[in-house]
Structures are given as structure tokens and as C-alpha cells.
Amino acid sequence: MSILQTESLTLSYGKKPVIQDLDLSIPKGEITVLIGSNGCGKSTLLRSMARLMAPETGAILLNGKNIAKRSTKEVAKELAILPQGPVAPEGLTVLQLVKQGRYPYQSWLKQWSAKDEEAVTRALKATNMLEFAERNVDSLSGGQRQRAWIAMTLAQGTETILLDEPTTYLDMTHQIEILDLLFELNSREKRTIVMVLHDLNLACRYAHHLVAIQNHSVAAQGCPEDIMNEKLVSDVFHMPCKIIEDPLFGTPMCIPYGKGRIAKNGLPTAQYA
Amino acid sequence: MSKYITARSKRYSYLIEKKAMLTILILLLVTLAIMSVSIGIGELYITPLEVIQSLTGMGNGINDVVIQEFRLPRILIAVIAGASLSLAGAILQGVIRNPLASPDMLGITSGAGFAAVTFITVFSNQSNNLTVSIGYLPVAAVTGAFIMGTVVYLLAWKRGISPVRLILIGVGLMAAAQALTTLMIVLGPIYAAPQATIWLTGSVYATNWKDVYSLLPWFLVLAPLLFTLTRKLNVQELGDDVAASLGHSVNKNRFILLLISTALAGSAVAFTGAIGFVGLIGPHIARRLVGSSFGALLPVSGFLGAIIVLLADLAGRTLFSPLEVPAGVFTAAIGAPYFIYLLSKNHG
């Protein structure tokens, strides 16, 4: 079943089309990952699905209803997006940031209801940020900062969460930490998660549903094990590679060719492929 | 002990930070203290105690006249204008998401300045008297501020407003307005130049109750309105995308907030002249004191703005006595180095 759909969607910057006539369905309660080369329009597509960019033609349906025709505040109660590399104002504490996630539920007289408090506390706990609640966001490490922002999106209490490259600029430990957090949210609370990732191997490991964007449209979509192959990577990223099975998870793993040093038991053909 | 007080009933609910409440209370007391000291200082020295006696209707005749006819309106203008300018700056820094933004920077002050100088130049006669009532000068200045604000906004519009474009166009038009102002002074009659220059520096000299009654309504309407919008300022400051994602109508609210900011800054400089840098320093120190949540940031900015102009006026009246130096000289003397410090810190 699909929670978020695009209907013959065309997106463009000025006259340059980015996405053309796309029909895409995001499965409910699963993790969907968008992949594609730089500038292929995957971030643009994600932004448009969260009404941050208006379609040229076509529509976005959230739970079957056109997102553009609904009040933006009502949409904010069903769908949240964490844009790429958000910056918190100087001197803002984690608690103050996460509190803002309650914006769609508040009015100028009601800014801290019992429900707000409960949702904020739960979001802080889920992201392990409770102990940092009084710290300034700008004093945190990259991973903690990203967790604080994710806590804000969680406090919004939406069924669907979109994230644009949530692991960019993070070291490997923190990348796994963030992805594990999202995986847990999905498996525990059945929240639908849609995100853009650059790392193909992590994308294949965490995604139930993989969507490869290329040439203004979808090149392939489905379970990573079913669609990930050498031809797809070569088509989408213009890069020759070898796909093997991840020795730990059994998910597809992509080993790129190219130049490089060859160790004792490596294949001498690698660098010429 | 918790750092917060939760105020909650059926109709309202707020989370109040104790430290912020305390800061606001202290600044209120400091403002009142400086006001009563400043009212007492002048050719006739009146002790703070006598000032309070006079204000509560227990003073003597001479003190009452000096205080209530001459000094009180001047002090009140300093407080209201200072608070307005600082609030205007706090809004802009939030909306533009840049600590260097201020009403000066967006051309609002220079728009008012150009209008005021044009007014002074056009309506002065040979004996350096205005041919129309001085009461129209604030009207001209406010109009100038609004025209400038509108032009900056329209030029910055391109499928929505980007903060960067807003500030670049603001700075550009500010320079243009200042050049035109200088041209106006140079081309205009020589006798109008000193008055124009004093206006451009900014001073609360010779303000009267009529000025207070004209300026006060602006503040009494705009400041409470602004406090109902703190939530929107907070969310706006997270950036357009995050704000929109939270269901905030970015362009609509940014327009309203810029309008309030222009009205606050425009009305203030209409009565004091172009006192500079208050809208930059006030909110910046406020952020240092209470962080960046606007519920606390706005009142603290307001009080700090009032204190800065009060002190600048006090310094102007006392340091070079019997000569009176316009308050704007002192705000600029502190403000310009402060601006350079901020600039270097932001690029460091």
C-alpha cells in the first residue's frame, strides 16, 4: 500500500526539466531510499514530495489527497522533512530546537501543552538526546547535532519522515548510528521513511525499497536484492563495478572498479576494468 | 531545581525559562534606575529621590516643571525609540538569519534620512525657519522608511524572498540613499545643512509631549503584536525549508515581520533622527544574555535598546557640557567598532 505518490510529476528549475512525467509510489511503513548520481534530481524530488517545491505539472498525493490543496499546517502533522545540512541559530538549545517540532500543533496562547511536552520528551529519548537537552546545538558534535534535528522531526509526530542525505559530513560510526536510529523507528513504530543516500552499500542494507533516479525519471525500483546489479550501477552512475553479497547482511554490495593499489591476493584485472 | 516554570491551563500553556525571567526583571529595574538618574541630571540637578517624588505627585513646583515639561518627554522618547530600534533589529536578524542585519543595513534608516533631509531642504526659508510645521517632519521620515522598505522588498522578490538577496539589495539601496542625501545637503541651501546633519546623526534633543504622544501609539500597537508572533520568529530562524516543513507560511509571515520591523524603525527614527547601530548592538547583546529563543530575546532586546539610547543621551548631555552632543554620536562611537568586531568574528 502506498502512502505517498507522485502523479505524472514534472519538476524543473527555470526551463531545465529535472523530473519528467513521473509516477512513483512510496510504500507505507517501509524504508525507501532514493539513489542516483549528483544532480540527477533525487533531492529535488524529495523536496517536492514535502511541498518545499511546487511541481511544474502533475501532483503529489499524501494518503490519497493532493498535498498542494491542503493546509500546510495539516500536512505538517502527517509528513516531516529534514532538509540537507540544516543550520541552527547561534545559542539555540537542543530543547528549544526540538520544541519547534510541535509548531503545527501550537498557537500563540498554547505553546507547551501536556501533549507537546510528552512528544518532545519521547523524541529526545528516542534519539538519546535527553542528556543534551540544555546544551547549545552549535556546541554539539556532527552526529549529536544531526540527532537533535532528527529529534525535532520526530517531535512533529508524523507518520512519514523524509530525510535529505541525513548522513552527509558524518564519520562512519555516526552514519551507522543515524541509520540504525531510523531503522529502529521504522521497525518499532512503523513510520514510513524516505531518504536520499549516497552510499550504495548502506542504501542496500537499510532500504526495503530502493529507487534509482536517472534521466529525469526512475531507472529501477524495488527490493535492493532484486534490482541491484552491475548494469544498473553502470547505467545510473556510469561506473563499472562488481556486485557481491555483503558477508554480514547478505545484501548487495557494490565494489567499484577504477585505479588503485593491488594487494597480494587481489585481482590484477581490477585496475583495467 | 528545574530551570523552567510550566504555566498551563485550559486556554494557554507556556514553558518559561527562569533565567530569562530574571534577566528581564533586572533589565527593567536597570532601565528605571537610569531613567530616574538621567531625569535628574542637567543644569538643575535633581536627586533620584526627588525625581521619584515629583513623578508620584509629591514634588515641589520648580522640579515638577523641569521634569514634567522638559526632561520626562525626552527620556520617554529615548526609551521608546531605543526599544523600537532594537526590536526592529531583533526581527531582522531572525528573518534574515544574519547577526549583522539591522534597520540601518536594510536601507530603512537611510530612506527615512533622505526623506527628512529633503523635507528640511525644501521647506526651509532664508532665515532658516521651516515654512511648514515641524510636525510634518516625522511624517516625511516614516514615509521615506516605508517607501524604502517596499522598494527593497519588491526588488528582492523573485519567486519568493531570499534573505541574501534582501540584504544585498538593502545595502545597495542604503548606499544610494546616502549618496542622494549628501547630494541634497550639498545642493541645498547652506543654512539647512546643520539641521539636516543633526537629524542624520540622531538625537532626542528638544522632544516634547506631542512627540511622545505621536510615537507611543506605534510602539503600543506593534510591540504586543510582535509578542504574539514570537513562535513564528523562532521557526523562521530555522531556515525557509525547515520552517515550511513545519507548516509555517514562510513568505506571508516574513512579509508581516518585515513590515513590523520597518514600522518600528521608521517611527523611531522619525522622532529621534537616524540614531545608528542600536538595532545591531541591542539584539546581539540580548542573544548573548538569553540565547536565541524570541520569547526572551525580544523583551531583553527592547530593554537593552532603551538603555543604550538613554546612556548615549546622558553622555551627550554631560560629557561635554555645556555643549550638547547628539546621542547618535555615541551610539556610532560604540556601534562602529562593535560592527567590525562582529564582522571579523563571523568570518574568522
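Chain B has a radius of gyration of 21 Å, which agrees with the value near 20 Å that a compact globule of 348 residues would have. The model is a predicted one, and in it the C-alpha atoms of chain B fill a box of roughly 60 × 50 × 40 Å along the principal axes.

**Chain B as a whole**
- Chain B contains 14 helices and two strands.
- Of the 348 residues in chain B, 48% are buried.
- When contacts in chain B between residues at least 6 apart in sequence are considered, 75% of them join residues that are at least 24 apart.

**Packing of helices α2 and α3 in chain B**
- Helix α2 (residues 48-55) of chain B packs against helix α3 (residues 61-96) of chain B at an angle of about 80°, and their axes lie 10 Å apart.
- Because of that angle, α2(B) counts as roughly perpendicular to α3(B), the range for this description being 65 to 115 degrees.
- On the α2(B) side the contact is made by Glu50(B), Val51(B) and Ser54(B), while α3(B) contributes Asn63(B), Asp64(B) and Ile67(B).
- Sorted by class, the residues in the contact of α2(B) with α3(B) are two nonpolar, two polar and two charged.

**Contact between chains A and B**
- The contact between the two chains brings together 27 residues of chain B and 29 residues of chain A.
- On the side of chain B that touches chain A, at least two residues each are supplied by β1 (4-8), β2 (13-17), α9 (230-236) and α10 (240-245) of chain B.
- The element that gives the most to this side of chain B is α10(B), with four residues.
- The side of chain B that touches chain A is made up, by class, of eight nonpolar, twelve polar and seven charged residues.

**Domains of chain A**
- The domain assignment divides chain A into domain 1 (2-78 + 158-232) and domain 2 (90-156).
- The centres of domain 1 and domain 2 of chain A, taken over C-alpha atoms, are separated by 24 Å.
- In the contact between these domains of chain A, domain 1 takes part with 13 residues and domain 2 with nine residues.
- Helix α6 (residues 172-189) of chain A provides five residues, the largest share of the side of domain 1 of chain A that touches domain 2 of chain A.
- That side of domain 1 of chain A comprises eight nonpolar, two polar and three charged residues.

Note on methods
Residues are numbered from 1 along each chain as its sequence is written. Chains are lettered from A and ligands numbered from 1 in the order in which they are written. This is a predicted model: local features need pLDDT of at least 70, side-chain atom pairs count only at pLDDT 80 or more; totals for chains, interfaces and linings use all residues. Two residues are in contact if their C-beta atoms, placed from the backbone, lie within 7 Å. Ala, Val, Leu, Ile, Met, Phe, Trp, Tyr, Cys and Pro count as nonpolar, Asp, Glu, Lys and Arg as charged, and the others, Gly among them, as polar. Axes are lines fitted to C-alpha atoms, for helices over the stretch in contact, and angles run from 0 to 180 degrees between N-to-C directions. Angles under 35 degrees count as roughly parallel, over 145 as roughly antiparallel, 65 to 115 as roughly perpendicular and the rest as oblique. Domain bounds come from an automatic or database domain assignment. The radius of gyration is taken over C-alpha atoms; the globule rule is 2.2 Å times the number of residues to the power 0.38. A residue is buried if 20 or more other C-beta atoms lie within 10 Å of its own, exposed if 12 or fewer, and partly exposed in between; C-beta atoms are placed from the backbone.
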